[in-house]
Amino acid sequence: MTRDKTATILTAVAALGFFLAAGLHAAEYRAVALHAQAGFTGLGALVAALWLAFVAAMVVLGAIVSLVAWGRVTGGRWIV
């Protein structure tokens, strides 16, 4: 196995990990929002927004890494 093939496989695994983390966080959004509302006053909306922002960040990172892994972007090293 060549270095390029190994790097492509590892990059694809990293992209899968980002998408998996985003999916797990999205699945637990409701529970986190309910716990945040039960806590301090006014904090529920901020925690919920922060949780969704993290999910969005993981999806964007997963998309960037997967584009680099598939070779759809020139200069992929600079992006990663």
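## About the model

This is a predicted model, in which local features need pLDDT of at least 70 and side-chain atom pairs count only at pLDDT 80 or more, while totals for chains, interfaces and linings use all residues. Residues are numbered from 1 along each chain as its sequence is written, and side-chain values use heavy atoms, without hydrogens and water.

## Helix 1 on its own

Let's start with helix 1, residues 3-27 (helices are DSSP runs of H or I, at least four residues, numbered from the N terminus).

## Helix 2 against helix 3

Helix 2 (residues 29-38) and helix 3 (residues 44-69) have axes that come within 8 Å and cross at roughly 155° (axes are lines fitted to C-alpha atoms over the stretch in contact, with angles from 0 to 180 degrees between N-to-C directions). That makes the two helices roughly antiparallel (angles over 145 degrees).

From helix 2, Tyr29, Val32, Ala33, Ala36 and Gln37 meet Gly44, Val47, Ala48, Trp51 and Leu52 of helix 3 (contact means heavy atoms within 4.5 Å). Eight of these residues are nonpolar, two polar and none charged (Ala, Val, Leu, Ile, Met, Phe, Trp, Tyr, Cys and Pro count as nonpolar; Asp, Glu, Lys and Arg as charged; the others, Gly among them, as polar).

## Helix 1 against helix 3

The axes of helix 1 and helix 3 come within 8 Å and cross at roughly 160°. Helix 1 is therefore roughly antiparallel to helix 3.

Definitions and conventions. Angles under 35 degrees count as roughly parallel, over 145 as roughly antiparallel, 65 to 115 as roughly perpendicular and the rest as oblique. The expected span of a helix is 1.5 Å times one less than its number of residues.
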